[in-house]
Amino acid sequence: MLKSHHCGALRSDHAGEHVALAGWVHRRRDHGNLIFIDLRDRFGITQLVFNPDHSATAHQIASQLRNEYVIRALGTVRTRPEGMRNPDMATGDVEVMIDQLEILNESREPVFHISRETEVDEALRLRYRYLDLRRPRMQRNMILRHRVTRFMREYLSERDFVEIETPILIKSTPEGARDYVVPSRLHPGRFYALPQSPQQLKQLLMVSGFERYFQIARCFRDEDQRADRQPEFTQLDVEMSFVDHEDVLQLLEGLLTELVPAVSDKRVQQSPFPRLTHTEAMARYGSDKPDVRFEMLLIDLTDLLAESGFRVFQQVLQAGGQVKAIRAPGCAGYSRRQIDELTELAREHGAKGLATIQMRDEGPHSPIARFLSEAEMTAILERTGAEPGDLLLIVADKAPVVAQVLGQLRLEMGRRLNLLDDDVLAFAWITDFPLLEWNAEEERFEAVHHPFTAPFDEDLDLLESAPGRARAKAYDIVANGYEIGGGSIRIHRRDVQSRLFRTIGMTDEEAHAQFGHLLEAFEFGAPPHGGIAAGLARLVMLLAGEPNIREVMAFPKTQSAVDLMTNAPSGISARQLDDLHIQIKD
RNA sequence: GGAGGCGUAGUGUAGUGGUCUAACACGUCGGCCUGUCAAGCCGAAGAUCGCGGGUUCGAGUCCCGUCGCUUCCGCCA
């Protein structure tokens with residue numbers, strides 16, 4: 001080792017010891033004769049002192065040091081003179097008087113400040129990611145991420161789970177997201193796909209009898225990016241045999257409940273986690289990934305307005321729609337401009353308009369008041385519990401639009417009213433998803449979760465009679481309004497799997513071509529099984545309090561899926577294309 | 001594919017039609033300096049205002065296009 005201690009280690013107990021330190025020049029303070037260098041490594045910062053009276057040679061070399069030079073320094077630890085201690089530094093009681101200094105490597109002037117936590121354009125951070133990763137924020141996030149995966153590995157290993165790697169080059173399947181695809185040199189015109197998840201493979205491991213599997217699995221989806229979505233991402237992937245959904249939920253609930261305090265200062269809002277059916281979540285929060293840190297639930301006014309003379313409500317109700325409201329406490333004083341902002345937000349999410357009732361001192365003020373009977377107004381105020389000072393936001397439309405719009409308005413008002421406690425992780429389970437939904441474009445049913453999800457036992461026969469009504473043994477886990485995971489009990493019987501494939505419009509031949517390996521495996525004693533997968537970076541993002549997933553990834557890609565550091569994707573040589581039997585079209 | 005935001009010295013910002021001959025802070029370079037820790041003081045260098053076109057007597061500023069980053073919609077079994 002080039003160093004005897006790291007830069008966070010030395011205390012006054014070490015006074016008198018001769019030590020060797022190595023790291024980066026964090027800051028220099030050159031007084032001409034006396035030079036101070038803050039030396040940084042991963043573990044901390046230690047002040048080095050160069051005094052020409054102590055070592056003229058070391059002092060001479062020190063005068064050449066610049067930010068981010070890599071150095072090795074030997075000297076004696078001493079407590080700082082009284083009054084010179086720095087209580088803000090862990091090593092602030094000591095300094096090292098250097099007698100020998102070696103420059104291990106010089107550094108160009110960094111393209112942005114390493115030693116100051118200033119905001120830097122993200123494109124520049126990504127281009128020089130190795131420098132960005134030197135900064136405290138990214139160091140902290142990467143180490144947090146390591147602690148999270150380490151905790152998961154230990155937690156699951158202690159409970160008899162086996163970590164098994166599954167291949168990255170697999171077979172492309174038609175369902176689901178767009179695959180990333182890899183051409184085959186040995187098989188002209190054929191392609192591997194990168195896994196969207198190890199779904200089928202982990203099910204096959206259950207057929208193999210491992211009973212409890214997990215993997216910190218890399219997954220790939222060729223879809224457009226979001227703040228919480230990257231083209232490649234990592235999931236904690238878990239699968240268990242001989243379990244029902246309760247076992248899976250309790251496993252992950254236990255893991256997360258213990259994980260949060262073990263790796264962060266955040267608090268779990270409630271454990272066991274609250275459970276909502278998909279229907280409840282949509283009805284009360286207007287979202288299948290509700291932020292349950294605050295209430296402000298959607299309130300159904302439909303029945304109160306059944307006889308309403310207001311034409312907008314009439315038309316919506318006649319078309320089978322609904323009228324719902326949320327109550328924003330203390331927002332009655334909103335200006336015209338603020339109301340307009342909310343209306344605009346509502347329009348962006350598909351509403352035709354937004355009705356408001358402002359609970360002013362002199363009484364309810366509303367642009368729609370004149371269309372409502374006194375009884376209707378009274379009923380609305382009573383149902384919503386509106387009090388003086390409150391603002392009611394009302395949307396009338398088809399149920400999915402009402403949910404989308406009020407769900408978004410709820411989040412916006414939660415933000416405006418500062419109801420989103422950053423120190424809290426509010427987990428919740430969403431259960432009882434529909435199994436299938438109608439795809440109007442392709443004129444067929446498709447799996448809401450994936451086509452291996454088991455239907456409720458009592459809904460099995462709906463596969464043929466009323467597929468849209470079948471419920472799935474599927475569950476999502478959400479935290480602070482993010483979907484951080486999802487799973488299901490799987491189909492483990494060949495006949496049921498075949499029926500499901502038929503229901504989603506696949507012929508037996510197509511099913512055999514795409515999923516023959518799985519169907520065949522089910523003929524060899526496949527145990528009942530189920531599992532879950534959780535997005536690692538989304539979880540770490542919440543634990544770190546970061547606004548997007550890139551902040552907890554070492555080398556993320558941009559929104560256009562480009563790696564600004566390496567410039568991937570890039571062209572390849574004619575020779576490589578030739579080997580792969582590929583011709584570029586344009 | 002669509003909508004919004006941003007783009008000015010190495011970095012972060014100011015500048016919203018006319019002494020802008022582009023300002024400030026940090027950083028950089030040079031000088032002075034033996035107790036600093038965001039060291040200090042003095043001085044200096046450093047910007048085709050993302051790129052292209054247009055409007056105008058005059059464009060960093062207005063308009064159009066384009067590129068990059070980003071947020072959202074679509075998409076994400």
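I began with helix α5 (residues 199-207), which lies across β9 (212-220), β10 (232-241) and β24, and runs at about 25° to β10. Here contact means heavy atoms within 4.5 Å. Axes are lines fitted to C-alpha atoms, for helices over the stretch in contact, and angles run from 0 to 180 degrees between N-to-C directions. Helices (H or I, at least four residues) and strands (E, at least two) are DSSP runs, numbered from the N terminus.

The model is predicted: local features need pLDDT of at least 70, side-chain atom pairs count only at pLDDT 80 or more, and totals for chains, interfaces and linings use all residues. Residues are numbered from 1 along each chain as its sequence is written, chains are lettered from A and ligands numbered from 1 in the order written, and side-chain values use heavy atoms, without hydrogens and water.

Next I looked up helix α15 (residues 536-544). I found α15 across β9, β10, β19 (427-431), β22 (474-479), β23 and β24, at about 140° to β23.

For the sheet, I noted eight strands in an open, mixed arrangement, in the order β6-β9-β10-β24-β23-β22-β19-β12. Its edge strands, each pairing on one side only, are β6 (162-163) and β12 (275-277). Two strands pair if DSSP finds at least two bridges between them. β23 (residues 482-489) and β24 (residues 529-535) are antiparallel, with five bridges. G487 stands opposite I532 in β24.

I then checked helix α4 (residues 136-158) against helix α6 (residues 245-263): their axes come within 10 Å and cross at roughly 140°. That makes α4 oblique to α6; angles under 35 degrees count as roughly parallel, over 145 as roughly antiparallel, 65 to 115 as roughly perpendicular, and the rest as oblique. On α4 the contact includes L144, F151 and Y155, and on α6 it includes L251, G254 and E258. The contact residues divide into eleven nonpolar, one polar and two charged. Ala, Val, Leu, Ile, Met, Phe, Trp, Tyr, Cys and Pro count as nonpolar, Asp, Glu, Lys and Arg as charged, and the others, Gly among them, as polar.

Last, I took helix α9 (residues 336-348) and helix α11 (residues 399-416), which pack at about 140° with axes 9 Å apart. α9 is therefore oblique to α11. The α9 side of the contact is Q338, E341, L342, L345 and A346, and the α11 side includes V405, L409 and R416. I recorded six nonpolar, two polar and three charged residues in this contact.
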